[in-house]
Amino acid sequence: MSAGRWAVRPAVWECDDEALRLIRFAVFVVEQRVPEELEWDGTDAACEHAIAEDGAGSPVGCGRLLPDGHIGRMAVLREWRGRGVGGAILERLVALARERGHAVARLNAQTHAMPFYESHGFVAVGDEFDEAGIPHRAMERALR
Ligand SMILES: CC(C)(COP(=O)(O)OP(=O)(O)OC[C@H]1O[C@@H](n2cnc3c(N)ncnc32)[C@H](O)[C@@H]1OP(=O)(O)O)[C@@H](O)C(=O)NCCC(=O)NCCS
């Protein structure tokens with residue numbers, strides 16, 4: 001692939017944890033100041049992951065699907081945002097949730113990112129709440 005190209009692939013925590021940690025550390029811990037003990041919540045080994053890589057194979061974005069159908073930890077390195085990487089990761093995880101038999105894909109959106117999720121068919125449910133010091137709303141998308 002040439003410079004500027006990227007692709008999304010499934011990832012497995014046991015094999016890809018270094019790359020997944022690199023993205024999430026840069027985005028959540030450094031950029032958003034989420035405490036590390038909250039970021040590494042012990043559920044990653046049970047999740048299915050998606051990772052986006054640039055043309056040289058370096059990680060640029062990621063996300064995960066929990067066994068209960070919740071999508072989370074959506075992160076794209078700042079310099080790679082606005083090119084469709086996050087959207088491609090999200091759609092991959094939605095497709096995976098559908099394959100796993102979930103009737104609804106759910107996520108807890110940081111409120112600033114709600115327009116991003118709305119553009120992918122998610123609708124807000126319930127009231128705003130705080131998680132890791134960041135305002136969130138629950139959102140969901142029917143899969144059937
Ligand atoms: C949210 C995030 C994953 C989106 O990734 P991305 O690669 O920029 O997403 P895309 O390029 O596919 O789509 C971005 C689109 O969403 C829109 N959008 C609206 N609010 C946005 C927001 N707060 N952040 C990013 N995009 C937003 C953009 O305007 C853009 O629309 P356009 O394509 O019509 O211009 C990325 O911005 C990110 O990592 N943010 C920091 C971590 C974070 O907040 N994660 C979400 C936790 S719930």
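This is a predicted model: local features need pLDDT of at least 70, side-chain atom pairs count only at pLDDT 80 or more; totals for chains, interfaces and linings use all residues.
We may begin at the ligand. Its shell is made up of 18 residues, and Arg 81, Gly 86, Gly 87, Pro 115 and Phe 116 are the closest of them. By residue type, the shell comprises nine nonpolar, seven polar and two charged residues. Four elements each contribute at least two residues to this shell, namely strand 4 (70–76), helix 3 (85–99), strand 5 (104–110) and helix 4 (114–118).

In general, an α-helix has 3.6 residues a turn, so residues three or four places apart point the same way. Just after helix 3 comes Gly 101, with a positive phi of about 90°.

The largest nonpolar core holds 29 residues, of which Ala 50, Ala 52, Cys 62, Ile 71, Ile 89, Leu 93 and Ala 97 touch the most other members. At least two residues of this core come from each of strand 1 (6–11), helix 1 (13–31), strand 2 (48–54), strand 3 (59–65), strand 4, helix 3 and strand 5. Helix 3 gives the most, with seven residues. Ile 89 shows how such a position is connected: beyond its neighbours within four places in sequence, Ile 89 is in contact with Val 8, Ala 50, Ala 52, Gly 61, Cys 62, Gly 63 and Met 74. Two of these partners, Ala 50 and Ala 52, are themselves listed with the core residues that touch the most other members.

At 1.5 Å a residue, a straight helix of 19 residues would span 27 Å, yet the end C-alpha atoms of helix 1 span only 22 Å. A bend of about 40° is found in helix 1 at Ala 19. The buried residues in helix 1 include Leu 20, Ile 23, Arg 24 and Val 27, and their cover includes strand 1, helix 2, strand 2, strand 3 and strand 4.

Ile 23 illustrates this packing. This residue of helix 1 counts as buried because 22 C-beta neighbours lie inside 10 Å. Not counting residues up to four places away in sequence, Ile 23 touches Pro 59, Gly 61, Cys 62, Ala 75 and Leu 77. Gly 61 and Cys 62, touched by Ile 23, are also in contact with Ile 89. Ile 23 and Leu 143, by comparison, are 120 residues apart in sequence, with 28 Å between their C-alpha atoms.

Most residues other than glycine have a negative phi. Arg 33, which follows helix 1, has a positive phi near 60°. Arg 33 lies in the loop between helix 1 and helix 2 (36–39) and is exposed, because 10 other C-beta atoms lie within 10 Å. Arg 73 likewise has a positive phi, near 50°, but is found in strand 4. Arg 73 counts as buried because it has 21 C-beta neighbours inside 10 Å.

Gly 57 sits in the loop between strand 2 and strand 3 and is exposed, because 9 other C-beta atoms lie within 10 Å. Although Gly 57 and Trp 6 are 51 residues apart along the chain, their C-alpha atoms are separated by 8.5 Å. Ala 46 belongs to the loop between helix 2 and strand 2. Ala 46 counts as exposed because its C-beta neighbours inside 10 Å number 11. Ala 46 and Met 114 are 68 residues apart in sequence, and their C-alpha atoms are 26 Å apart in space.

Technical notes: Residues are numbered from 1 along each chain as its sequence is written. A residue is near a molecule or strand if its C-beta atom, placed from the backbone, lies within 6 Å of it. Ala, Val, Leu, Ile, Met, Phe, Trp, Tyr, Cys and Pro count as nonpolar, Asp, Glu, Lys and Arg as charged, and the others, Gly among them, as polar. A nonpolar core is a set of buried Ala, Val, Leu, Ile, Met, Phe, Trp, Tyr and Cys residues joined through C-beta atoms within 7 Å. A residue is buried if 20 or more other C-beta atoms lie within 10 Å of its own, exposed if 12 or fewer, and partly exposed in between; C-beta atoms are placed from the backbone. Two residues are in contact if their C-beta atoms, placed from the backbone, lie within 7 Å. The expected span of a helix is 1.5 Å times one less than its number of residues. The bend at a residue is the angle between axes fitted to the seven residues ending there and the seven starting there.
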